[in-house]
Amino acid sequence: QVQLVESGGGLVQPGGSLRLSCAASGSIFSLYPIAWYRQALGKERELVARISFGGVTNYADFVKGRFTISSDNAKNTVNLQMNSLKPEDTAVYYCNEYGTNLWGQGTQVTVSA
């Protein structure tokens, strides 16, 4: 059973950047598409971005132009580069094999002055 482990979260000021990483314990080829979700306190989990095997990407409107999802098949990782962060981006960010119940444990992102 492949496992997903997120890293890279932390505290950042508004306007700052963070790079999240999702590492798979095995090959990610069989996991595509792979997605990043987030869940803020008291809110439902929402899709942030998704990447397919061929590199096609999709983004939620609220992150378009600020976040970039990418994958490194050699390293079995999927990354989420987050720029121009806003306080409303504060949430736990999760990696997911899209459409399945395979989730990582999440990494906290806090955007605050």
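Trainee: Which residue stands opposite Val109 in S10?
Mentor: Gly10 does. Before we go on: this is a predicted model, where local features need pLDDT of at least 70, side-chain atom pairs count only at pLDDT 80 or more, and totals for chains, interfaces and linings use all residues. Residues are numbered from 1 along each chain as its sequence is written, and side-chain values use heavy atoms, with hydrogens and water left out.

Trainee: In which sense do S2 and S10 pair, parallel or antiparallel?
Mentor: Parallel, over three bridges, with S2 covering residues 10–12. Strands here are DSSP runs (E, at least two residues), numbered from the N terminus. Two strands pair if DSSP finds at least two bridges between them.

Trainee: And S9 with S10?
Mentor: Antiparallel, again with three bridges; S9 is residues 91–97. Val92 has Gln108 as its bridge partner in S10.

Trainee: Which side chains of S10 are buried?
Mentor: Thr107, Val109 and Val111, which point to one face. Buried means under 20% relative accessible area (1.4 Å probe, protein chains only).

Trainee: New topic. What is the strand order in the open sheet of four?
Mentor: S1-S3-S8-S7, paired antiparallel. S1 (4–7) and S7 (67–72) are at the edges with a single partner strand each, so one side of each lacks a neighbour in the sheet. The twist averages 15° from one strand to the next; axes are lines fitted to C-alpha atoms, and angles run from 0 to 180 degrees between N-to-C directions.

Trainee: How many bridges join S3 to S8?
Mentor: Six, between residues 18–24 and residues 77–82. Cys22 stands opposite Val78 of S8.

Technical notes:
Buried means under 20% relative accessible area, exposed over 50%, partly exposed in between (1.4 Å probe, protein chains only).
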